[in-house]
Amino acid sequence: MKIMHVVGARPNFMKIAPLMREMAKQPKVFKQVLVHTGQHYDPMMSQIFFDDLGLPRPDINLEVGSGTHAWQTAHIMLRFETVVQEYLPDWVVVPGDVNSTLACALVCSKLGIKVAHIESGLRSFDRTMPEEINRVLTDQIADLLFTTSPDANENLLREGIDPEKIFFVGNIMIDTLVTLLPLANKRWSEIKSLWALNDFMLVTLHRPSNVDNLTNLQEIMETLKKLSKTIKIIFPLHPRTAKLIEQHALYEKIHNFLLTNPLGYIDFLALESHARLVLTDSGGVQEETTFLGVPCLTIRPNTERPITISHGTNRLVENKKEKILLAVYQALNNLTNAKKIPELWDGRTAKRIVDVFLNL
Ligand code: UD1
Ligand code: UDP
């Protein structure tokens, strides 16, 4: 079986690495090719994950880079079409909900090449999010849909997807976490002393609704500044966020408020698993904190991952100063963090996906 895996942006690497490793155990069955679209390209948004996760070098890099949504999606499609026509894979595997996911799925559907979508069926029901469009359309095109939670199956069935194509396999990002947590724990003492960490809050933000809107970003930075008087803050900056903070001069060096470059997976996981609290708008971070039992506040009006609220440690917060302050103070004072790990978030999702392919 010729399998072509697609990665493009940071959260894709954690979802493809375990699957490639599992398929590599059966080289006579699976012939694997890895395509990187180049949507993310800075060394700390791309190369570091190949090193940390043990991903093989991409066989092909489309080097698409940044642009508007239409430009980026169209250029990935044009370049990917040539690659698919040359390799003629039996299956193309696309993870998540980024522009690379939809662009490559769409190319395959036009060429009659089968598409498997990892992390199908998640819905925020907010069509102003570019990711929601990518999710809905990719799921309509896909021939195999692998889901992380039962609510995703319900969403897909409601949208008329044939139940025979849908497989509830669990969360493959958690496979990566389970594999690398021991290494992250080893790194912890070094990171702890490097940044003199004791109690601290980890922050990640990159959603356009929080960072592209100057008023919102200003308000969030003011709030973080105030919070740093109560708890130390570590904020690894996504390049989108870094550019805006620099452009609008929204940061001055202050005690207990540390901005860093984006971190590699192992360093980030070391921080995430030892944080007193995480403040984020990331999809993957909502899931990882649920697994780790670390309290998480998500600055968004909705989430496509409701299981992180119903089962996990996640809570949504409006992007307003008073709301964030109140939620953080409440979380810091709440010592009981109920921890219930969702079903099949057990580190064995890649194996279940491989079994589906073997039984086709
Ligand atoms: C993308 C995904 C988002 C995902 C996020 C993960 C889409 C529509 N968005 O958002 O769903 O949560 O990745 O991190 O696919 N940039 C760099 N260096 C890089 C990459 C980006 O400087 O290596 C800068 C560029 O200025 C670029 C901007 O970041 O214009 C945004 O990058 P882009 O990939 O378009 O969207 P993200 O915000 O990263
Ligand atoms: N992550 C990382 N370094 C960072 C920030 C995040 O390795 O500095 C990891 C995080 O652990 C998770 C993934 O990146 O596995 C989430 O990616 P991101 O937040 O960029 O995208 P999203 O999940 O929101 O699409």
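This is a predicted model: local features need pLDDT of at least 70, side-chain atom pairs count only at pLDDT 80 or more; totals for chains, interfaces and linings use all residues.
Stop 1: Select residues 2–170 together with 345–358 and colour them as domain 1. Then select 176–333, which is domain 2. Note that domain 1 is written as two segments of the chain.

**Stop 2: the contact surface.** Now show the residues where the domains touch. Domain 1 brings 26 residues into contact, and domain 2 brings 23. Together the domains bury about 2,000 Å². Carbon and sulfur atoms give 60% of that area. Next, pick M44, D52 and W345 on the domain 1 side. These residues lose the most area to domain 2 there, together 27% of what that side buries.

Stop 3: How many salt bridges are counted between domain 1 and domain 2? The count is 3. For a salt bridge to inspect, select R305 and E119; their closest N and O atoms are 3.2 Å apart.

**Stop 4: the elements on the domain 1 side.** Select the helices α1 (10–23), α2 (47–53), α5 (130–141) and α6 (150–158). Each gives two or more residues to the side that touches domain 2. Which of them gives the largest share? It is α1, with 5 residues.

**Stop 5: residue classes.** Finally, colour that side of domain 1 by class. Expect 11 nonpolar, 4 polar and 11 charged residues.

Key:
Residues are numbered from 1 along each chain as its sequence is written. Chains are lettered from A and ligands numbered from 1 in the order in which they are written. Side-chain values use heavy atoms; hydrogens and water are left out. Domain bounds come from an automatic or database domain assignment. Contact means heavy atoms within 4.5 Å. Buried area is the accessible area (1.4 Å probe) that two parts lose on being put together, summed over both. A salt bridge is a side-chain nitrogen of Lys or Arg within 4 Å of a carboxyl oxygen of Asp or Glu. Helices (H or I, at least four residues) and strands (E, at least two) are DSSP runs, numbered from the N terminus. Ala, Val, Leu, Ile, Met, Phe, Trp, Tyr, Cys and Pro count as nonpolar, Asp, Glu, Lys and Arg as charged, and the others, Gly among them, as polar.
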